[in-house]
Each structure stands twice: as structure tokens, then as C-alpha cells.
Amino acid sequence: MASDLTFSKWLLAAVAAFTCTVQAQSLDALKADAATPGDVLTYGMGYNNQRYSPLKQINAKNASKLQPLWAYSLNNPQGQESQPIVHDGVMYVTTFNATIALDPLSGKQIWKQDIELPQDVFKYACCGILNRGAAIYDGKIYRTTLDSQVVALDAKTGKQVWKSKAADYKDGHAMTSAPLIAGGVVITGIAGGEYGTRGFIDGWDPATGKHLWKFFTTAAPGEKGGDTWPADTHAKGGAPTWLTGAYDPELDLVYWGTGNGGPWNAEARKGDNLYINSVLALRPKTGELVWHYQFSPNDLYDYDATEVGMLLDLKVDGKKRKVLAQANRNGFFYVLDRANGKLLAANPYVKVNWADRIDIASGRPVESEVTKRIRAGGDEMVWPSVVGGKNWTPMSWNPATGLAYANTLNMAWPYQLVKPEYKKGEWYLGVNFRGVVMPKGEPHGYLSAIDPLTGKSKWQMPWPGQPSMAGTLSTAGGLVLTGAATGEFMVVDAANGKKHYEFNTGSGIIGLPVTWEHKGRQYVTVLSGAGGVWGILGDERMAQTPAGGSVWTFGLK
Ligand code: CA
Ligand code: CA
């Protein structure tokens with residue numbers, strides 16, 4: 001009897017310990033993602049968003065011997081911006097209308113789950129018919145949909161576990177980005193900043209889809225920051241949150257970027273307009289705002305700060321600091337203390353004429369004569385353009401070179417204010433929008449290797465023809481991996497930008513390469529499929545690059 005009791009106690013303890021381990025393993029695995037090259041569990045290849053892999057089997061000496069191992073057709077003509085997730089012998093990829101599980105070694109489909117969308121969603125869907133990837137946690141795959149739903153699927157079968165509505169797509173809201181799992185909460189953002197919407201960030205229970213919290217990214221009257229908006233302008237004030245944040249588990253802070261104010265015409269909303277064009281540091285469990293830093297107060301230029309940047313340990317003035325480094329669309333490269341939001345450095349990394357500089361003491365931009373003339377009604381050429389010094393795709397970090405690798409843009413836009421008019425579900429700009437201007441006789445974009453503290457590039461690889469809007473990946477093999485708008489998957493040397501390998505994937509690359517290993521062999525995966533913002537801008541050179549989504553995986557012979 002006594003021994004039976006002991007045995008049951010032992011069994012109970014063992015079961016409890018096992019349950020604990022499984023639960024903890026999952027969150028711990030997410031925390032450890034950057035250091036575990038056998039899988040890719042987070043958007044950013046680690047909570048720190050560095051997109052850096054310690055793998056070096058593929059390196060500067062042998063990268064020229066890479067070859068494609070398999071390709072998989074996404075059967076989808078839209079721009080492909082999804083970052084794959086790789087876990088336990090399965091690769092998960094999203095498109096706007098399907099979630100797909102593949103065998104990462106062969107590219108064979110394991111399951112494909114279609115997303116049912118209302119037909120009129122395409123009338124409203126904001127900034128592109130696309131999806132940027134999934135999250136994985138506790139046996140489930142989490143994703144968002146164009147009609148503003150958050151969905152959890154069984155990772156083994158693809159069967160839907162729950163679905164929760166975040167917003168009404170008919171108001172101009174849309175969801176395109178990968179959720180972030182932090183502190184055991186599923187966190188999602190929202191798109192629609194051009195439609196006179198009000199931005200927010202949501203927290204959801206991963207097991208049930210229950211709504212846990214909501215943080216509105218424009219401050220209402222009576223709230224802290226509410227006095228930075230005239231009258232009720234915050235209600236259509238924008239500040240969308242359409243990309244995935246980063247997470248520092250030690251500080252327990254989630255960092256999330258916000259986009260433009262609505263309308264673009266900032267004279268219609270005089271004041272700083274908190275929290276447009278900002279980074280927010282939030283508690284993942286409650287959505288409580290701990291600190292914020294606003295890059296572009298009262299922004300006129302659609303300089304979305306939605307791409308949150310990277311969490312780095314960086315030596316600043318001889319002292320090791322935990323920083324957040326962001327190549328902002330407004331043309332300045334920012335370094336902030338990520339414990340408190342204090343500005344440590346902000347220098348231009350592309351041509352800038354909207355501001356003379358960022359004042360370090362106050363953290364505020366010093367607006368230029370160009371911006372002053374525009375505010376007074378002038379028509380001016382502004383650098384950088386509406387697509388920014390860098391668009392939405394993330395950069396990567398290589399700790400060995402101390403450089404950030406980003407696809408940067410060299411273009412301007414003509415800018416003049418007009419009276420804004422709000423119509424539900426339509427663009428709400430208040431700007432005489434005439435597209436972008438590409439300088440003659442100069443490259444229109446570069447792959448740039450940037451020193452975060454100075455903004456200066458150690459080297460730049462000019463893109464011939466269209467600039468690249470693809471993300472970058474860095475590896476301990478001394479490589480930077482990215483892709484061209486014309487479809488070439490590219491591997492270049494992190495030290496000098498020398499090209500080691502290129503392969504034409506058949507359509508444009510605008511997504512995010514990842515690398516992973518299996519049984520001692522290193523693989524690289526990237527999606528191909530032209531479209532995105534460059535497609536919307538209508539560069540006639542794109543006529544030579546057909547649409548058509550596919551997944552490509554490369555390895556050494
Ligand atoms: Ca990993
Ligand atoms: Ca925008």
C-alpha cells in the first residue's frame with residue numbers, strides 16, 4: 001500500500017514535470033530560436049529580429065557551389081512576402097489565401113488549408129493582397145487574414161482550432177503580418193493607415209483565441225498624449241501596426257512599430273499626434289505601454305516606422321548597451337536604449353532633405369526649409385520618397401562585421417498638400433500624390449552595409465535597374481543573402497559585397513530568406529513572387545518579370 005502510494009505520487013510528479021517541460025519548452029524554444037539553427041520558430045529568426053544564423057557550412061569559400069534543391073508552386077500570382085517557419089521536419093508558409101505545410105527536404109506538400117475570404121475584401125484590402133508569415137507555439141500555427149481575423153490551426157493537420165475577429169475590414173482595416181508570441185500571448189497588428197482608420201495592437205489567448213487586451217496607437221482626448229491631436233482627429237489618425245514586433249524576454253518588453261498619421265496631410269492634425277511613426281515598448285501580458293519614442297512627430301510623408309528594427313548589444317561610447325537599431329523610412333538610422341527609449345544616435349543612411357538633423361538631446365527632428373515651405377503650401381521634391389530610405393523588409397545583423405545589411409532606396413517624390421476628404425474605405429491622403437522620381441544616371445537602390453552608429457555604409461552594391469525590396473539574412477559564414485526584384489536569389493560577401501552566387505527563381509523576390517540545418521546539412525529557403533509596393537507604383541521595367549509564387553530551397557552539392 002505504502003509503495004503503491006509512493007508510486008502514484010511519483011507518477012503524478014512525473015506527469016506534472018513532463019507537462020511543465022512541454023509547456024516551458026515551447027516558450028523556451030521561442031526564446032532560444034536565434035541560437036538553435038535546426039529550426040526557424042520566429043519572425044526575425046529570433047526575438048531580437050537580427051536575422052543572423054550561426055551556421056557556416058555555406059560560406060564565402062563555397063557559396064558559388066550552391067544549387068537549387070527543390071521548388072514548390074504556391075499556385076498564386078500575388079507578391080510573396082511570407083517568411084517560412086521550420087519546425088520538427090515541417091516547413092510552414094503562408095499566402096493571402098492559404099496556409100501550407102511542406103516537407104523541408106523534398107518540398108512535397110504535407111497539407112494545404114485554404115482561407116475563405118469574403119469576395120468584397122479585395123475592394124477594401126489596404127496595402128497589398130499578401131501575407132507575411134505565421135507564428136508557431138504549443139502545437140499550433142497562428143496567422144492573420146486580409147479580412148482582419150486571427151486564426152489558429154493544428155500544426156499537424158492544418159485544421160482550424162479557433163478564429164477571432166480583430167476588426168471590420170469594411171472600415172479599411174486589413175491584416176497581413178505574422179503574429180508574435182511573447183510571454184505566452186499571441187500579439188497582432190493591423191494595416192489600413194491610408195484609409196482613415198485608427199491603429200491598434202491586440203493580445204490573444206493562444207489556446208482559445210480569447211481577446212486579452214487592446215492598445216490603441218492614437219491617444220484619445222483625456223488619455224496621456226491625447227492633447228497631441230486637435231478635436232477628434234485621433235479617431236481617423238492612422239498609426240497602423242502592420243508588421244511584427246520584436247521581444248526582449250529579460251526586460252519583458254515587446255517593441256512594436258507604428259505607421260503614418262491619417263490623413264498624410266499633417267496640417268489637418270496639428271500636433272505631434274502620438275503615437276504615429278513611433279516605436280512602442282509594451283508588456284506582452286497586459287499591453288501596458290512602458291515607454292515610446294516618436295521618430296517623426298506630425299509626419300507629412302508616410303514615413304511608416306512599422307519595421308521595428310533589431311535588438312542589439314552594441315558598444316556606444318565605450319559602454320555596452322542594450323539597444324534597438326532601426327533604419328527608419330524617414331532616412332535616419334536610429335539607435336535607442338531599449339530599456340527606456342533614450343535616443344543614442346540618429347544619422348542619415350540615404351539622401352535626406354525633409355529634416356536637417358535629429359537633435360539628440362530632445363530626440364526630435366529639426367525640420368528643413370523644404371518641409372517649412374511645404375507646410376506653407378509649396379510644391380517641393382522630398383528625399384527620401386514615400387517608399388522611404390528603406391521599405392518594409394527587415395535588415396539583418398552580423399556581429400562579426402558589426403554592420404547592418406539593408407536594401408536601401410535612392411529616390412525622391414514631388415510633394416504638395418491639398419485638402420483631405422474622408423470617404424469610408426477609400427484612401428485618405430490630402431496630398432497631390434504623383435508617385436516617385438528616380439534620379440537619372442544613378443542606381444535607384446543598393447544593398448548597403450551600414451554602421452548603425454554613423455549611418456555610413458562600409459560598402460554598397462548597386463542594384464541594376466529596379467531596386468530590391470527584399471529582406472536580408474546574415475550568417476556566420478560571412479554571407480549576406482537576399483534577392484532581386486527581377487528574381488535572382490543572391491549571396492554576397494558580408495565583408496565587401498562581392499557576389500558569390502545568383503540564381504534566377506523565375507519571378508521577383510520581395511520576401512525574406514531563412515537558413516536552417518538538418519542532419520549536418522545547411523539549407524537556405526526563400527519565396528519568389530513579384531508584387532508588393534513596387535507593383536503598386538507601376539515601374540514599367542517590371543513588365544519583364546512575370547508574377548507567380550514559388551518556394552525555393554538551396555544547398556551545397
Ligand atoms: Ca532556431
Ligand atoms: Ca503608410
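Mentor: This is a predicted model. Let's start with an open sheet of four strands, ordered β3-β4-β5-β6 and paired antiparallel.

Trainee: What makes β3 and β6 the edges of that sheet?

Mentor: β3 (85–87) and β6 (109–114) each have a single partner strand, so one side of each lacks a neighbour in the sheet. On average, neighbouring strands here are turned by 15 degrees against each other, direction ignored.

Trainee: How do you know that β5 and β6 count as a pair?

Mentor: Pairing needs at least two bridges, and five bridges join β5 (residues 98–102) to β6, the two running antiparallel. Within β6, Lys 112 stands opposite Ile 100.

Trainee: Now the aromatic rings. Why is the pair Tyr 501 and Phe 554 called edge-to-face?

Mentor: A search of the whole structure finds 31 aromatic pairs. In this one the ring centres are 6.1 Å apart, and the cut-off for a pair is within 6.5 Å. The planes stand at 75 degrees, and over 60 counts as edge-to-face, so the pair of Tyr 501 and Phe 554 is edge-to-face. Tyr 501 lies in strand β34 (residues 499–504) and Phe 554 in strand β37 (residues 550–556), so the pair ties together parts that are 53 residues apart in sequence. Both Tyr 501 and Phe 554 are buried.

Trainee: What makes you say that the charged end of Arg 198 sits over the ring of Phe 216?

Mentor: The charged end of Arg 198 is 4.1 Å from the ring centre of Phe 216, and the distance limit is within 6 Å. The definition also asks for a position within 35 degrees of the ring normal. Arg 51 likewise lies over the face of Tyr 43, at 4.8 Å from the ring centre.

Trainee: And the calcium ion (ligand 1): why is its arrangement called irregular?

Mentor: Its donors come from Asp 33, Thr 36 and Asp 39, at 2.2 to 2.5 Å. Six donors count as octahedral only if opposite ones are over 155 degrees apart and all others between 65 and 115. The angles here run from 70 to 176 degrees, and the arrangement comes out as irregular.

Terms used:
Residues are numbered from 1 along each chain as its sequence is written. Chains are lettered from A and ligands numbered from 1 in the order in which they are written. This is a predicted model: local features need pLDDT of at least 70, side-chain atom pairs count only at pLDDT 80 or more; totals for chains, interfaces and linings use all residues. Side-chain values use heavy atoms; hydrogens and water are left out. Axes are lines fitted to C-alpha atoms, for helices over the stretch in contact, and angles run from 0 to 180 degrees between N-to-C directions. Rings of Phe, Tyr and Trp (its six-membered ring) pair if their centres lie within 6.5 Å; planes under 30 degrees apart count as stacked, over 60 as edge-to-face and the rest as tilted. Buried means under 20% relative accessible area, exposed over 50%, partly exposed in between (1.4 Å probe, protein chains only). Donors are N, O and S atoms within 2.8 Å of the metal (3.2 Å for Na, K and Ca); water is not among the atoms, so sites may look incomplete. Four donors count as tetrahedral if all angles lie between 85 and 135 degrees; four count as square planar and six as octahedral if opposite donors are over 155 degrees apart and all others between 65 and 115; anything else is irregular.
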